[in-house]
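Take a moment with the model shown here. We will follow a few of its residues and ask what each one touches.

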Amino acid sequence: MSRTVTVGLDGSPESVAAAHWAAGEAELLAAPLRLVHAGDQPPHEYMPFAGEAVPPPDVDLSAHMLREVRVCLTHRHPGLLVTADRLTGRPATALAEAGREAEILVLGSRGLGRAAGHLLGSVASAVLARAEGPVVLVRAAGRQQRTDGRDPGRSPHRDVVLGLDLRDRPADVVLAFAFDAAARRRAGLRIVHGRSPAAAQNGHIGEEPAAEPGESLTDVLRPWREKFPQVEVAEETVVGTAGAHLVDASREASLVVVGRGRRPAPLGPHVGQVTYQVLREAAAPVAVVPHD
């Protein structure tokens with residue numbers, strides 16, 4: 001897989017915010033940034049980004065938008081290689097295909113179910129459900145909390161938050177993504193995992209839930225702690241579904257990471273309830289990492 005960071009642009013404030021976030025992530029990965037516009041429709045609520053006059057009606061607005069954003073990001077991130085492409089075909093299909101060629105696919109979002117623009121609502125949901133690699137959803141400035149604010153002597157980034165479902169053994173690809181994201185940011189990793197209310201009522205709140213028979217979360221995390229000794233890990237056990245707790249934790253996070261199991265469903269691929277809630281309400285960018 002290429003170490004390219006790809007971001008989908010539709011001209012909305014959310015997609016422009018996603019492009020700026022993706023540029024920072026590309027620098028952390030030492031990877032090139034690829035801007036793409038999917039479909040043949042004009043950009044959503046297009047407005048010039050560089051203070052230029054609105055182009056005449058016969059100008060290709062999509063190409064103009066891609067060029068402006070590329071110039072802006074190149075100026076703000078000297079040394080970052082930024083390319084721009086237009087994708088043919090239906091937006092969800094084209095973006096999912098572009099994601100297969102990238103290390104991370106980044107999209108703008110106001111929250112699932114609030115459709116506005118080509119990359120939001122049903123399109124973003126369709127891309128998430130079919131993506132084979134990590135997809136990051138970013139909200140526009142003002143819709144998410146700042147991702148800095150930690151002690152400058154330690155890290156310019158707030159902690160990465162990872163949501164784990166301990167009913168199954170946590171997927172290595174999800175753990176690897178979260179630990180690597182925290183290491184790149186020189187930030188801590190806060191792991192939020194849920195416990196059933198029944199277990200708490202039966203007095204088991206202090207026990208480690210098993211990820212596999214005979215295996216605790218401590219056992220699961222041990223090799224990752226050894227591989228990333230520089231990452232400070234904090235574990236947080238919560239009663240009930242972890243969705244609301246992850247939303248709360250997102251207010252002090254630079255990134256929230258959740259997994260999406262590739263499971264067949266009667267109506268086709270979909271994201272789970274916890275992931276849906278986090279995407280709809282989280283203050284920080286959310287990375288959805290698919291796994292078997």
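Partly exposed describes a residue whose relative accessible area falls between two limits: under 20% is buried, and over 50% is exposed. D85 has a relative accessible area of 30%, so D85 is partly exposed. Keep in mind that this is a predicted model.

Now find the partner of D85. It is R34, and the two residues form a salt bridge. Their closest N and O atoms are 2.9 Å apart. R34 belongs to strand β2 (residues 33-38), while D85 belongs to strand β3 (residues 82-87), so the pair ties together parts that are 51 residues apart in sequence. R34 has a relative accessibility of 17%, so R34 counts as buried.

Where does T6 sit? Its place is in strand β1, which covers residues 5-8. Is T6 buried or exposed? T6 is buried, because its relative accessibility is 1%.

Side chains of opposite charge can pair when their charged atoms come close. How many salt bridges does the count come to? The count comes to 14 salt bridges.

One of these salt bridges joins the side chains of E252 and R158, at 2.1 Å from N to O. E252 lies in the loop between α8 (243-250) and β9 (253-261), and R158 lies in the loop between β5 (135-138) and β6 (159-164), so this pair ties together parts that are 94 residues apart in sequence. The two partners fall into separate classes of accessibility. E252 is partly exposed, because its relative accessibility is 49%. R158 is buried, because its relative accessibility is 17%.

Next, look at E235 and R225. They form a salt bridge whose closest N and O atoms are 2.9 Å apart. E235 sits in strand β8 (residues 233-239) and R225 in helix α7 (residues 217-227), so the pair ties together parts that are 10 residues apart in sequence. Here a strand is linked to a helix. E235 has a relative accessible area of 34%, so E235 is partly exposed. R225 is partly exposed too, with 35%.

Which residues are linked in a network of salt bridges? They are E25, D180, R184 and R185.

Methods
Residues numbered from 1 in each chain as written. Predicted model: local features only at pLDDT ≥ 70, side-chain atom pairs only at ≥ 80, totals over all residues. Heavy atoms only, no water. Helix = DSSP H or I, 4+ residues; strand = E, 2+ residues; numbered from the N terminus. Buried < 20%, exposed > 50% of the residue type's maximum accessible area, 1.4 Å probe, protein only. Salt bridge = Lys/Arg side-chain N within 4 Å of Asp/Glu carboxyl O.
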